Amino acid sequence: MEVDANILRWFIPRIGFAVYLPVAEEAAISALKRSLGALNTHLASNTYLVGHSVTLADIIMTCNLVMGFTRIMTKSFTSEFPHVERYFWTMVNQPNFSKILGDVKQADSIPPVQSAKKPVQAKEPAKSRTKDEPKKEAKKDVPKPKAEEPVEEEEAPKPKPKNPLDLLPPSKMILDEWKRLYSNTKSNFREVAIKGFWDMYDPEGYSLWFCDYKYNDENTVSFVTLNKVSGFLQRMDLARKYAFGKMLIIGSEPPFKVKGLWLFRGKEIPQFVMDECYDMELYDWTKVDVSDEVQKERVNQMIEDHEPFEGEALLDAKCFK
């Protein structure tokens, strides 16, 4: 599909390492869009390029896409290919990819065109003296005493700015205690874990939210839907210290519904989560009214993976803790 070749044909002339020709750039962009379009069509019904897990093909394709996403392909460009976007961000957030690629950020703008770099011309060799030319006596430089340079004091490293959630007033709810209770309760879940949750819950320091996936009609393949939710939970890792979540994949046949329950530190969804995790905009978010017994019971059922849920079977349930 020549994805990497067309990215380079677009990018290299813009940074001055090749002659920039608008016609050639237009051809490269057009070819790149055709390649990404074909890839997007394939990924519409496949999580990975081949099979049901990461293979060498995915490693190569991700490495080919990295330069494009980070250097020249802005969000406005890649939004035409939503399945490629989903695939790329799923790949680069896999632990083994993150170890090598680090924190991947998408390009904010296309680099401006720079003039092509000219090769450095070699200096002409100095003309050799003729034998008849008298040698000039080299002037002896009298060494000047060096002035003592003032010793610059090293600046102390600036403290890392605190997360705004760490500056909130202390809460009676200790999130790690709830996560331990949830994980360790193996029987009498309602009487132990659910009751313990409401005993701990602090509406002044935490908030509960329902989320509903906006595009459930697209969830026609079970493993693709499950991988979509798993990718979302991986990308939520940045909020692990401040959140707990349950995601339910609902239905015995497609299209499958995806619904979730999230507990966040603070009275609103943290802004850094909204900014950093692009999956957030794929869901409708509704704050739970804990004074409403119907909503409170729905929270209970989602925490305990109650089945049937709202009259339907559960395909799977995933926990973020």
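Axes here are lines fitted to C-alpha atoms, for helices over the stretch in contact, and the angles between their N-to-C directions run from 0 to 180 degrees. The model is a predicted one.

**Exercise 1.** Determine how the axes of helix H7 and helix H8 are placed relative to each other, and which residues make the contact.

*Solution.* Two packed helices are described by the angle between their axes and the distance between the axes. For H7 (residues 175-184) and H8 (residues 189-200), the axes come within 10 Å and cross at roughly 170 degrees. Since angles over 145 degrees count as roughly antiparallel, H7 and H8 are therefore roughly antiparallel to each other. On the H7 side the contact is made by Glu177, Trp178, Leu181 and Tyr182, and on the H8 side by Phe189, Val192, Ala193, Gly196, Phe197 and Met200. Sorted by class, these comprise 8 nonpolar, 1 polar and 1 charged residues.

**Exercise 2.** Describe the largest pocket by its volume and its lining.

*Solution.* The volume of the largest pocket is about 1300 Å³, and its lining consists of 40 residues, with Trp89, Arg235, Cys277, Tyr278 and Asp279 nearest the centre. Helices H5 (82-92), H9 (222-235) and H10 (271-276) are the elements that give two or more residues to this lining, and H5 gives the most, with 6 residues. By class, the lining of the largest pocket divides into 18 nonpolar, 9 polar and 13 charged residues.

**Exercise 3.** Which residues line the second largest pocket?

*Solution.* The second largest pocket, with a volume of about 160 Å³, is lined by Ser171, Met173, Ile174, Leu175, Asp176, Tyr206, Lys241, Tyr242 and Arg265, which divide into 5 nonpolar, 1 polar and 3 charged.

How values were computed: Residues are numbered from 1 along each chain as its sequence is written. This is a predicted model: local features need pLDDT of at least 70, side-chain atom pairs count only at pLDDT 80 or more; totals for chains, interfaces and linings use all residues. Side-chain values use heavy atoms; hydrogens and water are left out. Helices (H or I, at least four residues) and strands (E, at least two) are DSSP runs, numbered from the N terminus. Angles under 35 degrees count as roughly parallel, over 145 as roughly antiparallel, 65 to 115 as roughly perpendicular and the rest as oblique. Contact means heavy atoms within 4.5 Å. Ala, Val, Leu, Ile, Met, Phe, Trp, Tyr, Cys and Pro count as nonpolar, Asp, Glu, Lys and Arg as charged, and the others, Gly among them, as polar. On a 1 Å grid over the protein atoms alone, a cavity is a set of points where a 1.4 Å probe fits but cannot get out, and a pocket is an open set with protein on both sides within 12 Å along at least five of seven lines; lining residues have an atom within 4 Å of a point. Grid points are joined across faces, edges and corners, and a volume is the space filled by probe spheres set on the points.
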